Amino acid sequence: MRDGEKWSDGKPYTAEDVAYTFNLLNTNKALNTSGFAGSAKVLSDTEVRITLDKPESVNALSYLSGTMIVPKHVWEKIDDPVTYTNKDAVGSGPFTVKGGNFSPTAYTFKKNPYYWDEGKPEIDGVRYVLITGGTQASQNALTAGDVDWMSAIFPNMDDVLSGYPNIKTVNVPSSQMAFMTCSNKELGCSGPTTDPAVRKAIYYALDRNQINKLALNGQYSELAGSLYPYGQFTKYASDDVPDSPIPGKGRTDEAVKILEDAGYTKGDDGIYQKDGVKLSIKVAVMSDVSDWINAINVASQQLKKIGIDLHADQMSSNEWTQAMQQGQFEMSIYGLWVAGAEPWMFYNQFYATANTAAVGKSAWPNYARYSNKTVDDALNVINTTTDVATKKSEYEKIQTQVFEDMPYIPILRQSGLSEMWSDKVTGWPTNDNVYANPQTWANPDLGIVLKNLKVKK
């Protein structure tokens, strides 16, 4: 560790804090979302030894680089660290919440006077604000200069921004946009999307080119039918898994065949049914996310042609979040985020049995309630080996299985477009120098971006 580092309250930051944090995770399962299994021992003020209970060639990279260290002198006095709200958080990053004027619609980060990187941050702070009113309100706030940094997509974006030379944009591939289903009957899911045939029919019927053009301003990009995250992970992708990548055009004949082979018959109203239950599906969506709502509406028209009734079930963000976590939904729309040093992290988060729960209990982030032994076994092998050939073989098993089961129905890969005003500050990431993820929600990247901003002279 760096010698002489301090917390934002001026107290020394030492190896004691690091060891305390990891051991706190080990004794509080509810806090241990990364799956750390081991122990930490202090060797000196600047040295810690972490011993793992088992080999972890992938997941260890996640929690060793991603665990946020907490100050022992604060947290050791807390009776219940799981329910502690941490209102006056003491940290070691470039900004602090002290004096942050927190409200339901805004909050402020202020410069940490004890930050280790001398001279940084240069800006005094940053104010995060909530913008209500959907896409148009966000666009107006940006172009009016009411906000300096935003991550959003607007209709006719190039035309909108052509008159604002001081607004710079950076686009990075982002989450895998998918229709998420509550798919597992054994864990309490119900409704048409518990049938793999229905999920696959929806998958084949979607015309992704049309969805991109009509709902997403043409800003989204292709992905694989197994939701495999391309980019830096290409070496583990299997070309033998179907739809790598997914064709942009819909394949309605294939969709209809899947339904009829599974015993569905079309009623007088043109909607398929089986055992008296119509294929009428509600898609849970947050009422203020207009591009998701638009995507559902376009998909609804496409699926109507193959005899599936699909419609948006708009709700507040709190209602939507609770429904997702508790499994109280048939289908939803969301982005499956990509993180980690290998695709293991992506598949482990969203497909591993360990990361889900029965309906009515909180599942994170395997919202689909998906569970498959082939996938679980492959994930375990990948996490305990460094052999590239072995990893590739196991990744192919995962890709093949999740394409077959389709608990998350791939749509497109989301755009990671961010807009930044350059009239006040410089130092933003650029398309030629993406030194950190420029999306406003990305953590801890947002701190890295903000600490590198320089006030324009």
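Buried means under 20% relative accessible area, exposed means over 50%, and partly exposed lies in between. The exercises below use these cut-offs on a predicted model.

**Exercise 1. Classify Ser 175: buried or exposed? Then list what Ser 175 is in contact with beyond its neighbours within four places in sequence.**

Step 1. Locate the residue. Ser 175 belongs to strand β7, residues 167-181.

Step 2. Read the accessibility. Ser 175 has a relative accessible area of 9%. The cut-off for buried is under 20%, so Ser 175 is buried.

Step 3. List the contacts. Neighbours within four places in sequence are set aside. Ser 175 then contacts Gly 335, Leu 336 and Trp 337, and also Leu 412, Arg 413 and Gln 414.

**Exercise 2. Find the disulfide and give its handedness.**

Step 1. Count. The structure has one disulfide.

Step 2. Name the partners. Cys 182 is joined to Cys 189, with an S to S distance of 2.1 Å. The cut-off is 2.5 Å, so the pair qualifies as a disulfide.

Step 3. A disulfide is a covalent bond between the sulfur atoms of two cysteines.

Step 4. Check the torsion. About the S-S bond of Cys 182 and Cys 189 it is about -70 degrees, so the disulfide is left-handed.

Step 5. Check burial. Cys 182 has 1% relative accessibility and is buried. Cys 189, at 6%, is buried as well.

**Exercise 3. Describe the largest nonpolar core and the contacts of Phe 179.**

Step 1. Size it. The largest nonpolar core has 95 residues.

Step 2. Pick out the residues with the most contacts inside this core. They are Phe 179, Ile 202, Leu 206, Ile 333, Tyr 351, Ile 398 and Tyr 408.

Step 3. Follow Phe 179. Residues up to four places away in sequence are not counted. Among the residues Phe 179 touches are Leu 206, Val 283, Ile 296, Leu 310, Ile 333 and Tyr 408.

Step 4. Look for another core. A second, separate core has 17 residues, including Val 97, Tyr 128, Trp 428 and Leu 450.

Step 5. In soluble globular proteins, nonpolar side chains tend to be buried together.

**Exercise 4. Classify two aromatic pairs: Tyr 107 with Tyr 128, and Phe 350 with Tyr 408.**

Step 1. Start with the total. The structure holds 29 aromatic pairs.

Step 2. Take Tyr 107 and Tyr 128. Their ring centres are 5.3 Å apart, with 10 degrees between the planes. Planes under 30 degrees apart count as stacked, so this pair is stacked.

Step 3. Tyr 107 is in strand β4 (residues 106-111) and Tyr 128 in strand β5 (residues 125-129), so the pair ties together parts 21 residues apart in sequence.

Step 4. Compare accessibility. Tyr 107 is partly exposed at 28%, whereas Tyr 128 is buried at 16%.

Step 5. Take Phe 350 and Tyr 408. The centres lie 6.2 Å apart, and the planes are at 80 degrees. Over 60 degrees counts as edge-to-face, so this pair is edge-to-face.

Step 6. Phe 350 is in helix α11 (residues 344-351) and Tyr 408 is in strand β14, so parts 58 residues apart in sequence are tied together. Phe 350 is buried at 0%. Tyr 408 is buried at 1%.

**Exercise 5. Which rings have the charged end of Arg 2 or Lys 200 over them?**

Step 1. Start with Arg 2. Its charged end sits over the ring of Trp 116, 3.5 Å from the ring's centre.

Step 2. Go to Lys 200. This residue lies over the face of Phe 403, 4.5 Å from the ring centre.

Methods
Residues are numbered from 1 along each chain as its sequence is written. This is a predicted model: local features need pLDDT of at least 70, side-chain atom pairs count only at pLDDT 80 or more; totals for chains, interfaces and linings use all residues. Side-chain values use heavy atoms; hydrogens and water are left out. Buried means under 20% relative accessible area, exposed over 50%, partly exposed in between (1.4 Å probe, protein chains only). A nonpolar core is a set of buried Ala, Val, Leu, Ile, Met, Phe, Trp, Tyr and Cys residues joined through side-chain atoms within 4.5 Å. Contact means heavy atoms within 4.5 Å. Rings of Phe, Tyr and Trp (its six-membered ring) pair if their centres lie within 6.5 Å; planes under 30 degrees apart count as stacked, over 60 as edge-to-face and the rest as tilted. Helices (H or I, at least four residues) and strands (E, at least two) are DSSP runs, numbered from the N terminus. A charge sits over a ring if NZ of Lys or CZ of Arg is within 6 Å of the ring centre and within 35 degrees of the ring normal.
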